[in-house]
Amino acid sequence: MDQNPEKILVKGNEAIAMAAIDSGCLLYFGYPITPQNDIPEYLSKHLPPLGGEFIQAESEIASINLLLGASATGARAMTSSSSPGISLMQEGISYMAGSELPALIVNISRSGPGLGGISASQGDYFQATRGGGHGDYRMIVLAPSTVQEMYDLTCLAFDLSDKYRNPAMILGDALIGQMKEPLVRKKCEPMVLPPKDWALTGAQGRKPNRLKSLYLQEGELSEHNWKLHQKYEQMRKEEIRFESFLVEEAHLIVAAFGSMARVSKTAVELAREEGMKVGLFRPITLFPFPDKTLFNLSKKAKLFLTVELNTGQMVEDVRLSVDRDAEVYFYGRPPGSLPSPEEVLEEIKKYYH
Amino acid sequence: MDLVFKRPECLIDIPFHFCPGCHHGIAHRLVAEAIDYFKIREKTIGVASVGCSVFMYDYFNVDVLEAPHGRASAVASGVKRARKDRIVFTYQGDGDLAAIGIAEGIHTANRGENITIIFANNGIYGMTGGQMAPTTLLGQKTTTSPYGRDFTYDGYPIRMAEMLATLEGSAFVARVAVNNPANLMKAKKAIRKAFQVQIEEMGFSFVEVLLSCPTNWGLPALEANRRVEEEMIPYFPLGIFKERKMADYL
């Protein structure tokens, strides 16, 4: 793959598409929806010359099922969409989790409910981290906050997805997807991954492989669910990723993810300039959620302010994570406008005592 | 002594779960025979749908993937795009293909995906206990059309083969039945042809097989078999509706 160690100026969405190619993903299936169209547009141009496949499907339902089929052969494959389209994909994601199929699903989320709007929103946090579709399952969910992270976390998502045989999601938003920033197109060290001996390649010299999620025999499904649960537990042990900024000795910790973490970081710097002991905690893995790290932080810092582009979703995980005597406050902005760092600073001052 | 009849290599040696008199087992066998005929068992990937046909991974001695209800053709397209050197087929019922999965079926045909769909049409939802299907005949009583299917309420039975034959992407489209030896031989030929079309990379191939469902039709096996001839075939005529002579790329 052509990897340029020099900085290039690209959109967040393009960074994801580049990372996919650099990760060996040559199969893309999707349906147009704003604000993620740069991804299919880039890949429709660049995949065919590489011998890859690009299908503009008739719907997100078809996209996710094309992805399911491609993934079943052991190939790396992906789709991307935005909130309403991701809703349509939930059935397929549930089947992939149940059939233990790896795949990358990118949600450059927009605002809802319903058709909502195309402005940035973090209203899909619950859907992404709670499974979204039917049944007792989880997705690996990574939340980038820079264009560089759109690239790096996409590479990581492919590896984690293969490692756990589980779908992984990049949860971005219109802000990071449409923003241009310098990118170093250098792929992270690939993980050592287990062989895909489960893949459907034709039963040549072996017994047929089956990929399914239907288990009707007595006890079978319960056993299968516990097996899936074990994977999620392993993710909780091994895959937690976060960024903490000035949290040591902090009196108040702002918790935010993705685009909101950037606004919040500037607010934290402004607060520090005014002499307040404030830090930032940014979960990078939304599932698995860094609950133990937050708990440990809450032994010293007793004030938490969760800032989100919604009316309060991740704040529930923050409340579940921190020590019982910690106070958790929330500042939310439903879609339509973004808070300035100064506005976040005002909120910090409201609760800092 | 010559062995003139045996279980196809492509079928696993266990009893079908299908009801007595049901035609699914015959259709399964014809598909297995076609795969054996072309000696492609080790490079074939099957896609199971939701309905009575979901257990096809218990019967076919090939790699099998289970698709969500209605999505088998999209899933099969994904398999094929990832592995163009494999032979990919779906086996879908009428609820799966003609109701919940009609969009996927039409667009798969329209893209000319080089896969084979075996469409099992018995005009009823078998697995869920006999509800009305998109192919249920007018006047036919089911558990959800207790007064008989009425077009003013439920519309008309859909003729999938004719519809898909109108699409440029379709290379081979046929409707067959397995209710008597003559029809069975034609069905065998059509299913074989469908796989041949895929092997020769001609594009999308589709064989609709009319099947009986004695249990949910509420008929003894013989009468159900007769109903295929007397009621189904008059509305769903047998024949080849599309046969491309050469691939688009030639």
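Trainee: Which residue of β2(B) stands opposite R210(A)?

Mentor: V64(B) stands opposite R210(A). Note that this is a predicted model: local features need pLDDT of at least 70, side-chain atom pairs count only at pLDDT 80 or more, and totals for chains, interfaces and linings use all residues. Residues are numbered from 1 along each chain as written, chains are lettered from A and ligands numbered from 1 in written order.

Trainee: What makes β9(A) and strand β2 (residues 63–66) of chain B a pair?

Mentor: Pairing needs at least two DSSP bridges. β9(A) and β2(B) have two bridges, in the parallel sense. They therefore count as a pair.

Trainee: In which order do the eight strands of that open sheet stand?

Mentor: The order is β9(A)-β2(B)-β1(B)-β3(B)-β4(B)-β8(B)-β7(B)-β9(B), with mixed pairing. Strands are DSSP E runs of at least two residues, helices H or I runs of at least four, numbered from the N terminus.

Trainee: Why are β9 of chain A and β9 (239–243) of chain B said to stand at the edges?

Mentor: Each has a single partner strand, so one side of each lacks a neighbour in the sheet. Further in, strand β1 (residues 44–48) of chain B runs parallel to strand β3 (residues 87–93) of chain B, joined by five bridges. V47(B) stands opposite T90(B) there.

Trainee: Which helix lies across β1, β2, β3 and β4 (116–121) of chain B?

Mentor: Helix α3 (residues 72–82) of chain B does, at about 175 degrees to β3(B). Angles run from 0 to 180 degrees between N-to-C directions, with axes fitted to C-alpha atoms, for helices over the stretch in contact.

Trainee: How many residues of each chain are in contact?

Mentor: 34 residues of chain A are in contact with 28 residues of chain B. Contact means C-beta atoms, placed from the backbone, within 7 Å.

Trainee: Which elements give two or more residues to the chain A side?

Mentor: They are β2 (27–30), β3 (53–56), α3 (60–72), α4 (83–99) and β9 (210–211) of chain A. α3(A) gives the largest share, nine residues. By class, that side has 18 nonpolar, eleven polar and five charged residues. Ala, Val, Leu, Ile, Met, Phe, Trp, Tyr, Cys and Pro count as nonpolar, Asp, Glu, Lys and Arg as charged, the others, Gly among them, as polar.

Trainee: Why is the packing of α1(B) with α8(B) given a name by angle, and which name?

Mentor: Helix α1 (residues 24–37) and helix α8 (residues 181–199) of chain B have axes within 9 Å that cross at roughly 50 degrees. Under 35 is roughly parallel, over 145 roughly antiparallel, 65 to 115 roughly perpendicular, the rest oblique. α1(B) and α8(B) are therefore oblique. α1(B) brings L30(B), V31(B), E33(B), A34(B), I35(B) and Y37(B), while α8(B) brings A187(B), K188(B), I191(B), R192(B) and F195(B). That contact has eight nonpolar, no polar and three charged residues.

Trainee: At what angle do helix α1 (residues 12–22) of chain A and α6(A) pack?

Mentor: The angle is about 30 degrees, with the axes 8 Å apart. That makes α1(A) roughly parallel to α6(A). In α1(A), G12(A), A15(A), I16(A), M18(A), A19(A), A20(A) and D22(A) meet V147(A), M150(A), Y151(A), T154(A) and C155(A) of α6(A). The classes here are nine nonpolar, two polar and one charged.

Trainee: What is the strand order in the five-strand open sheet of chain A?

Mentor: The order is β10-β12-β11-β14-β15, with mixed pairing. β10 (242–245) and β15 (327–332) of chain A are the edge strands, since each pairs on one side only. The twist averages 20 degrees from one strand to the next. β10(A) and strand β12 (residues 278–283) of chain A run antiparallel, joined by four bridges. F245(A) has L280(A) as its bridge partner.

Trainee: Which helix lies across β10, β11 (252–255), β12 and β14 (303–308) of chain A?

Mentor: Helix α9 (residues 258–273) of chain A does, at about 165 degrees to β12(A). Helix α11 (residues 314–321) of chain A lies across β11, β14 and β15, at about 160 degrees to β14(A).

Trainee: How do you know that the peptide bond from T34(A) to P35(A) is cis or trans?

Mentor: Omega is near 10 degrees, and the bond is cis. P35(A) lies in the loop between β2 and α2 (38–46) of chain A. The bond from F287(A) to P288(A) is also cis, with omega near 0 degrees. P288(A) lies in the loop between β13 (285–287) and α10 (291–297) of chain A.

Trainee: What is the phi of R165(A)?

Mentor: Phi is near 50 degrees, a positive value in a residue other than glycine. R165(A) lies in the loop between α6 (147–164) and β7 (167–173) of chain A.

Notes:
Two residues are in contact if their C-beta atoms, placed from the backbone, lie within 7 Å.
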